[in-house]
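Reader: Hi! Could you walk me through a structure? I'm new to this.
Author: Happy to, let's take a look together.

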Amino acid sequence: MRSPEAPSTEHAVVLCAATVAYGTRTAVGPLTLTIPRGQRVALVGPSGAGKTSLLRLLAGQLAPSAGQVSVGGRDLARLRGRRELPALVGLLPQQLDLVPQLSVKHNVQAGALGRWGVLRSLGALVLPVEHPPARAAVERMGLGDRFEDRVADLSGGEQQRVALARLLVQDPALVLADEPVASLDPARAEQLLDLLGAAAREDGRTLVTSLHDPALALRSVDRVVGLRDGQVVFDLPPHRVTPAMLAGLYRLSEAG
Amino acid sequence: MSTRLLVPARPRPGGRSALSLLLVVAFLLSVAAVAGDQVVGSGGGSAVRDLLASLLRPDISPDFLLVVAEATLLTASYAVAGMSVALLVGVPGALLVSGVLIRRRAARLVSVLGFRGLFATLRAVHELVWALLLLTILGLNPLAGILAIGIPYGATIARVLGDRLLDVPREPLDALGSAGASPVQVLLYGRLPLAAGSLAGYLFYRLECAVRAAAVLSFIGLGGLGLRIEVALADLRFEQVWTLLAALVLLVVAVDRVSGRVRARYVA
Amino acid sequence: MTSDVDLELAQARVLPSPVRRRAARRRGWGGLVLALVLVTVAAWTVVLSQDGSPVPGSAEVARRTVGFVSDLLGVGRDATPAYLDPARLRTVAGLAFETVVMSVLAAGLAALGALATIAFAARSLTIGELGSGRLPSRLAFLLARGLHVVTRSVPEVVWALLLVFTIRPGVVAGALALALHDLGVMGRLGSDVVDDLDRAPLRSLRAAGAGRLALLAYGVLPQALPQLVTYLLYRWEVIVRASVVVGFITAGGLGYQLRLDLSFRRWTDVALVLLAYVLLVWTVDAVSSGLRRLAR
């Protein structure tokens, strides 16, 4: 495996002294970080460490108060609100982000809305037609037989897989996930992380996910970034992360 | 177990007690205001007797039942036609009054405030007063009746639907936006399905109201159950009045049943 | 829940129970859409087959609208328009007050009638888990529900037509007509409120040996009253709006004046009454929502 510190010609994500501040409080940074294309990165750290702010920064939902963020070689600040953004960056939806009244099919097809015009989206909603990539994504998640069912009738784990299927249909180069398994039991959490990891690896996507539980993080990624108070505490491949480092990450922040 | 412990120990806000007292006083004052009025009309006794006696022998002759069926069909048709106009007014109206499709803040504010005021005015006037006004302009024809229902109901639907479209959970909308959906697409894939459950029931309730409104379009001289009731009362044919009233009740109950079926099957 | 929209929706009994939600299965929408289209087309066909004066063209509509509006405003008339005549203003103010009396009387009577019957119309207290389920209870349930359905289904105007046969025309007749219809609506809303109450305290009261009356006084009423008051205030707004058309038939208030002015073609008087009516509706809406806020 390539060492994360090694320079790469093809960086998917470059953060350059990027800072997120709410008023006078700095939530993230200044942070300088590069992530090569296709790498799977886990952000770990206690709550309040800045994981969510960093992800929102990468998703283009927050503008950096200082510094620069670029994805795929393009400055995110220039892409905000533009329709190219969804093809570049996709945020894995949570259960609450789905529309429970709609079928699995329609929730998954919603991932393609950024590329569709109004008429096509209306037709896909009211006519009995299928969008093949949506069908393929749902099959890949093992939910083929629930394609026409309402999302409200699915279990929590199944809904989380529907959310992942929507992201596959959106087809972004960089996948972001904020605590994707927070509401799942351990077995389902591992299953979902495996699916997420496989989706990134097989399609060559870059993945950045925050995970509260470091044990899960070590299992399915190429690189672990420990965050505390908006700063990087360690940045290592999973096999070099020691229990002591993790313990220190969580304990220190409780003291501070 | 003492019952005292079981009564929910919620503190009773002072405002609520004051309000209850106020309502009771207002009602007593209104009673006092009419206390001197003579209530029972002259010859009231015999009319009441006739009216009640005929309840036991409603007119169910085939000829008359045909008349009742025709009047019922007409009233139901006025209601449905009026509702179709109401939806034509109300659905676009909801988009304007909620401003969900307008990206620019200033334009949205203008739309919301302007249409809120317009619809409030249209709604304030009762559908039969609308019928009277439209009669003067359109003449005595069915279109006046349809519009009399369609305009105020459309204004009400616009506001209820508009508020519902705004009052949906934030998260699915944000997720759609981050997947690249435009406001129209967010409306189709987010707001509408999220609001649909409560709205389907509401629209059927409005249809039920429209049935009652349509039944009294005889107010301006249009046909239907109301006109038949008026004619029967004028002829003192009380046994026909009861049959017609029963038809009206059945029509309203039928709308209620269909509403329940459709909601259980399609929205829930 | 106290916003007007919530109240509108509540009248439609829009909150599906969790059980129903689970039981529902999704079907294709095609059948529903087709049925709606067919019903709508059929309705328009039936309605437009009715006789009536021909629908005027748009130029004619525009001409008549302008004519009507200038009649209302009294354009081109020498006489002072009624809406500028202090004596007429005083008369109409008096009639507006009479309308308010009629509406308050109606709302109060309907509330009393509803209070007396909703306990019998509530499923939970009669045939449900808190009721006896015996024959008298079932009978009371059916009677109360029937009363509510019938009074609700018949519009105020038809009640007015029936009442003027026996009751002297005037404010009381109008109030009774309004109250009868409203009794049905309040009855249905009220029994739904009672059925949706938190059952736990009621069950414990029952278990502690509380009789039927004690259950109502200590369990049901304290829980349900705030919601009922909210509905009552909201229905008052609806009653005021309807009082004008009822007054047309039963006499009393602004409605009868409107009828007289229309039949004598006193257009500026019509304008004055309509103005008073809209102002009254708006005032009552504002007062009612203010009072609802007070109750929260």
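Reader: How many residues of chain C are in contact with chain B?
Author: In this predicted model, 69 residues of chain C are in contact with 75 residues of chain B.

Reader: Which helix gives the largest share of the chain C side?
Author: That is helix α11 of chain C, residues 212-250, which supplies nine residues of the side touching chain B. By class, that side of chain C has 49 nonpolar, 12 polar and eight charged residues.

Reader: Back to that helix. How do the axes of α10(C) and α11(C) cross?
Author: The axis of α10(C), residues 199-207, comes within 9 Å of the axis of α11(C), and they cross at roughly 155°. Angles over 145 degrees count as roughly antiparallel, so that is how α10(C) and α11(C) run relative to each other. Their crossing is right-handed.

Reader: And which residues make the contact?
Author: From α10(C) there are P201(C), L202(C), L205(C) and R206(C). On the α11(C) side you'll find A214(C), L215(C), Y218(C), G219(C) and V220(C). Sorted by class, this contact has seven nonpolar, one polar and one charged residues.

Reader: New topic: in what order do the strands of the chain A sheet come?
Author: The order is β2-β1-β4-β5 in chain A, an open sheet of four strands with antiparallel pairing. At its edges are β2 (25-36) and β5 (74-75), each pairing on one side only.

Reader: How many bridges join β1 and β4 of chain A?
Author: Five bridges, between β1 (residues 11-22) and β4 (residues 66-71) of chain A. As for bridge partners, L15(A) has V69(A) in β4(A).

How values were computed
Residues are numbered from 1 along each chain as its sequence is written. Chains are lettered from A and ligands numbered from 1 in the order in which they are written. This is a predicted model: local features need pLDDT of at least 70, side-chain atom pairs count only at pLDDT 80 or more; totals for chains, interfaces and linings use all residues. Two strands pair if DSSP finds at least two bridges between them. Helices (H or I, at least four residues) and strands (E, at least two) are DSSP runs, numbered from the N terminus. Two residues are in contact if their C-beta atoms, placed from the backbone, lie within 7 Å. Ala, Val, Leu, Ile, Met, Phe, Trp, Tyr, Cys and Pro count as nonpolar, Asp, Glu, Lys and Arg as charged, and the others, Gly among them, as polar. Axes are lines fitted to C-alpha atoms, for helices over the stretch in contact, and angles run from 0 to 180 degrees between N-to-C directions. Angles under 35 degrees count as roughly parallel, over 145 as roughly antiparallel, 65 to 115 as roughly perpendicular and the rest as oblique. A crossing is left-handed if the near helix is turned anticlockwise from the far one by less than a right angle, and right-handed if clockwise.
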